[in-house]
Amino acid sequence: MLFLLIFIVGCRLACAAAPEAIDQNPCAQPVNHSRTWDHGIIPYRISNSVPDSVRVPLHFAMLKVENMSCVKFLPRTSETDYIFIEYGDRCCSHQGKVGTGPHWLYVSDKEICLNRNESIADTVKKLTYHVTHDHCKTYCGSSFVMVPGSSPGTIRSPGDTQYPPNAECLWRFWIPPHANRKTLKLTFSSIHLEGGESCSFDYIQIFHEDSKHRLLNKSRLCGRLTDHQINVSNDTNVVSVHFRSDSSMQKDGFVLNYSLTNDTVLCSVQNGGCSQLCLSNSIGEKIGCSCRTGYSLSTDGASCSDINECSLNGSLCEQKCQNTEGSYYCYCRQGFGITSDMRSCQVCGGTLDSLNGSVSSPGHPNPYPPQQNCKWTLSRKKNHFIIINITQINISRSPNCSNDYLRATHGHFPKKRICGQYFSIQYIPHTVGTKTTFRFYSGPLSSSSGSYSGFLLTYRQVPSSEIPNSVLKTVYVNGQELSYDTKPWIQ
Ligand SMILES: [Ca+2]
């Protein structure tokens, strides 16, 4: 049997000493069977702590060691003995295979590991220090880096007419991240192996790993199959094809064709399958999907969903927040208006306690800003009437004045909202209580915010004895008389 005798190296020694060379005369070394990896297959697991910057050179190191020895690395499934590759500020093999359980291997992106191209490979080599041959076994296999432009090829099981007994082969295809837009296509044009329940005698086992070396799936093939195609998912970063035969019942073997297919998606075709934005390279090939501001990419990588900004940590708004599809806005409580930063609120309105005065929309005669919620309160003096003259009104018109409006409330009797453009409205509230309030509201969705001047009104309080009956009976809007209750309320 071909054995890989693992040299026991203490971590400190491994880090401090010059890298050991692989023994050029492996047969010269005695074999300690207790320190060999079965069949030359080293199960491994990579810690989540290992960053991508280290995974790539680590992977190259594993390929390099595989190509220069009979060692093959396979992701661990349930094996008791395996290498556990951990991230640490050093490059060393904590210990070789001794005893059972995980065997730590430290890799790092420190200078010692990455600036010297060979360092990680040296570290991995320490686990494969002695190599000797078992003439009863046949080993084969190789590793491929599949990048755009890689030639397709064919792999055949060893042997001229039939595969040999006790064969142990592993072919590994690595698809670097920048080639992920391509799909590795594996097609077994024929498989003829010894069959059996669970394929436990002779078999082909295929491992799929993602870029984090997580095992996506594995499947085992045996018996007779033709044109068996392996679908390699987009997540797959490494595919390992492991062939093993036992000591009896050899068959024809298999033929495997591999190629990197071009499955480029263009953004110009159905937006690349993206619901909003399709990101492309300089020649229009899709790189990925993205979303407009206010949306986040869903887990399917193609559709977008609204971000509820109002639920994010840290209030974006001083007073109130309203989420909308693709956006949000801040607004204020009654008596406040949004400021120019569209987040904070300032008082808008107040108490009117003089006998006469004026009220106008914020910024008048300049256009009023959006999201104003102003309120003025006017207290009526005893035995006085309030004469209100809305001299200018230019408020964005909307159905039922649902967006922007001016509204006066006399006592408990609110008047209708006023919007649109008028030249003059003069009236005397007839059922006025002790208070009159004016409310000006401009909504966040007003398409006209920034182009309407709002309103200006004047008021004055006069003793009831000075109000002629004719005035009490008539209200004019743009010169037209409106019906009106002629009975003034007098306290
Ligand atoms: Ca939103």
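**Ground rules**

I number residues from 1 along each chain as its sequence is written, and side-chain values use heavy atoms, with hydrogens and water left out. Because the model is predicted, local features need pLDDT of at least 70 and side-chain atom pairs count only at pLDDT 80 or more, while totals for chains, interfaces and linings use all residues.

**Entry: aromatic pairs**

I began with the rings. A pair of aromatic rings is described by the distance of the centres and the angle of the planes. I counted rings of Phe, Tyr and Trp (its six-membered ring) as a pair if their centres lie within 6.5 Å; planes under 30 degrees apart are stacked, over 60 edge-to-face, and the rest tilted. How many aromatic pairs does a search of the whole structure find? It finds 13.

I looked up Trp171 with Phe254. Where do the two residues lie? Trp171 is in strand S11 (residues 167-174) and Phe254 is in strand S17 (residues 253-262), so the pair ties together parts 83 residues apart in sequence. Strands here are DSSP runs (E, at least two residues), as helices are (H or I, at least four), numbered from the N terminus.

Are Trp171 and Phe254 buried or exposed? Both are buried. I use buried for under 20% relative accessible area, exposed for over 50%, and partly exposed for in between (1.4 Å probe, protein chains only). Phe254 has 2% relative accessibility, so it counts as buried.

Phe254 has another partner on my list. The ring centres of Phe243 and Phe254 are 5.4 Å apart with planes at 65°, so this pair is edge-to-face. Phe243 sits in strand S16 (residues 236-244) and Phe254 in strand S17, eleven residues apart; the pair links distant parts of the chain. Phe243 is buried, at a relative accessible area of 0%.

Which residues form one aromatic cluster? I noted Tyr163, Trp171, Phe188, Phe243 and Phe254.

**Entry: charges over rings**

Next I checked arginines against ring faces. A charge sits over a ring if NZ of Lys or CZ of Arg is within 6 Å of the ring centre and within 35 degrees of the ring normal. Arg220 lies over the face of Tyr203, 3.7 Å from the ring centre. Arg417 lies over the face of Tyr405, at 3.9 Å from the ring centre.

**Entry: disulfides**

Then I turned to the cysteines. A disulfide is a pair of cysteine sulfur atoms within 2.5 Å. The structure holds nine of them. I wrote up some of these.

Cys199 and Cys222 are linked, with sulfur atoms 2.1 Å apart. The S-S torsion is about -70°, so this disulfide is left-handed. Cys199 lies in the loop between strand S12 (182-192) and strand S13 (203-210), and Cys222 in the loop between strand S14 (215-221) and strand S15 (224-231), so the pair ties together parts 23 residues apart in sequence. Both Cys199 and Cys222 are buried.

Cys310 and Cys321 have their sulfur atoms 1.9 Å apart. Their link is left-handed, with -80° about the S-S bond. Cys310 is in the loop between strand S21 (304-306) and strand S22 (320-324), and Cys321 is in strand S22, eleven residues apart. Cys310 is partly exposed at 29% relative accessible area. Cys321 is partly exposed too, at 26%.

Cys332 and Cys345 form a disulfide with sulfur atoms 2.1 Å apart. I found a torsion of about -90° about the S-S bond, so the disulfide is left-handed. Cys332 lies in the loop between strand S23 (327-331) and strand S24 (336-338), while Cys345 is in strand S25 (residues 345-347), so the pair ties together parts 13 residues apart in sequence. Both Cys332 and Cys345 are buried.

Last, I looked at the backbone. His364 and Pro365 are joined by a cis peptide bond, with omega about 5°. Pro365 is in the loop between strand S27 (356-360) and strand S28 (372-379).

Asp227 is not a glycine, yet has a positive phi of about 45°. Asp227 lies in strand S15. It is exposed, with a relative accessible area of 59%.

Asn271 also is not a glycine, and its phi is positive, about 55°. Asn271 is in the loop between S17 and strand S18 (277-280). At 28% relative accessibility, Asn271 counts as partly exposed.
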